[in-house]
Each structure stands twice: as structure tokens, then as C-alpha cells.
Amino acid sequence: MWDDFADYILNEVGDNEVKIAEIGVGKFDRIAEKLSSKENITLIKTDILPKDSSVVKDDITNPNLSLYENTDIIYSIRPPSELQPYLVNLARKIGSQLIIKPLTNEDLNTPKVNMKLKNHNRASFYILK
């Protein structure tokens, strides 16, 4: 499933030069590793409690907007429902596509926005373009 999720993002990007941000990376960085292996992708990983120096400290409830400047895609894997509206707000402020991969069977907490359910092979997630 995780490879399918990463492959969806890679298909969206193609060979274009893009900046992608993973928000709330935590300790699971399998997707980030696959994406950052591509030369055309600049990837930033953020978390409120960075696990190491490869992760930038940022609080999505009060984000450092300059960090996300020119970001084409934001994604977040299993973000807590209370943080999902902040992800939407950030994506809208910077004009970025947003992809949220919630916990299985979890409803999204994005009441003012209708995100589309997307199935890509074995991966299911929501997108806001």
C-alpha cells in the first residue's frame, strides 16, 4: 500500500521539478525516502518533534509560511483529525495540492472543504487540488 501511495505522487509529479512537503513525518519516513530519491523532487519533512536533523521543526497550527513557499504538494500520513483543518488552511494559503492519508476507516475533519477520495491500486487517500 505504501509503495502505491508513493507511486501516485510520483505519477502526479512526472519529470517536473517540484517541491513537496510531508507534514507530521513522525518516525515513518518510507514515503519520504522514495520521493527524495528522485532528482526532480525537493522534499522537506516537518514535525513538531523532529526525530533527527533531516526533519524541520514546525507547528502546523502556526506554520512558518516561508518554509512552504513554492511547495507544489503537501501530504500527511495519518494526521490527527484536529490537525486536518490546519493542513487545508496551509494548502490554500500557499496554493498547494493537499493529500491526506487518514487512518483506515477514519472520517476527515475538513468541514468547509470537500476532499475527493482517491484509490490508487491498494492505497486510499483524499486529495484537494
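Start by selecting Arg 78 and Phe 28: the charged end of Arg 78 sits over the ring of Phe 28, 5.6 Å from its centre. Keep in mind as you click along that this is a predicted model.

**Stop 1: the sheet**

Now switch to a cartoon view and colour the strands. You are looking at an open sheet of seven strands with mixed pairing, in the order S3-S2-S1-S4-S5-S7-S6. Select residues 55-57 for strand S3 and 116-120 for strand S6; these are the edge strands, and each pairs on one side only. Look along the sheet and follow its twist, which averages 30° from one strand to the next.

**Stop 2: two pairings in the sheet**

Strands of a sheet can pair in a parallel or an antiparallel way, through backbone hydrogen bonds. For the parallel case, select strand S1, residues 18-23, together with S4: three bridges join them. Pick Glu 22 here, and you will find its bridge partner in S4, Tyr 75.

H1 packs on it, touching S1, strand S2 (41-47), S4, strand S5 (97-101), S6 and S7. The direction of H1 makes about 175° with that of S5. Helix H3, residues 84-94, also packs on the sheet, where it touches S1, S4, S5 and S7. For H3, the angle with the direction of S5 is about 160°.

For the antiparallel case, go to S6 and S7, which are joined by five bridges. Select Lys 118 and look across to S7, where its bridge partner is Phe 125. Then zoom in on the hairpin of S6 and S7: two residues lie between the strands, and Asn 121 takes a positive phi near 55°.

**Stop 3: the aromatic cluster**

Tyr 75 and Phe 125 come back here. Select Phe 5, Tyr 8, Tyr 75 and Phe 125, which ring pairs link into a cluster. How many aromatic pairs are there in the model? The count comes to four. Begin with Phe 5 and Tyr 75, an edge-to-face pair with 6.0 Å centre to centre and 65° between the planes. This pair links distant parts of the chain: Phe 5 belongs to helix H1 (residues 2-13) and Tyr 75 to strand S4 (residues 73-77), 70 residues apart.

Are these two residues buried or exposed? Phe 5 has a relative accessible area of 0%, so it counts as buried. Tyr 75 is buried too, because its relative accessible area is 0%.

Phe 125 is buried, as is Phe 5.

**Stop 4: a lysine in strand S5**

For the last stop, select Lys 101, which is found in strand S5. Which side of the 20% cut-off for burial does Lys 101 fall on? Its relative accessibility is 7%, so Lys 101 counts as buried. Follow its side chain to the backbone oxygen of Ser 124, which it reaches at 3.1 Å.

Finally, show what surrounds this residue. Leaving aside neighbours within four places in sequence, Lys 101 is in contact with residues including Met 1, Trp 2, Ser 76, Ile 77, Pro 79 and Ser 124.

Note on methods. Residues are numbered from 1 along each chain as its sequence is written. This is a predicted model: local features need pLDDT of at least 70, side-chain atom pairs count only at pLDDT 80 or more; totals for chains, interfaces and linings use all residues. Side-chain values use heavy atoms; hydrogens and water are left out. Rings of Phe, Tyr and Trp (its six-membered ring) pair if their centres lie within 6.5 Å; planes under 30 degrees apart count as stacked, over 60 as edge-to-face and the rest as tilted. Helices (H or I, at least four residues) and strands (E, at least two) are DSSP runs, numbered from the N terminus. Buried means under 20% relative accessible area, exposed over 50%, partly exposed in between (1.4 Å probe, protein chains only). A charge sits over a ring if NZ of Lys or CZ of Arg is within 6 Å of the ring centre and within 35 degrees of the ring normal. Two strands pair if DSSP finds at least two bridges between them. Axes are lines fitted to C-alpha atoms, for helices over the stretch in contact, and angles run from 0 to 180 degrees between N-to-C directions. Contact means heavy atoms within 4.5 Å. A polar contact is a pair of N or O atoms within 3.5 Å; within protein, one must be able to donate a hydrogen and the other to accept it, and residues adjacent in sequence count only if both atoms are side-chain atoms.
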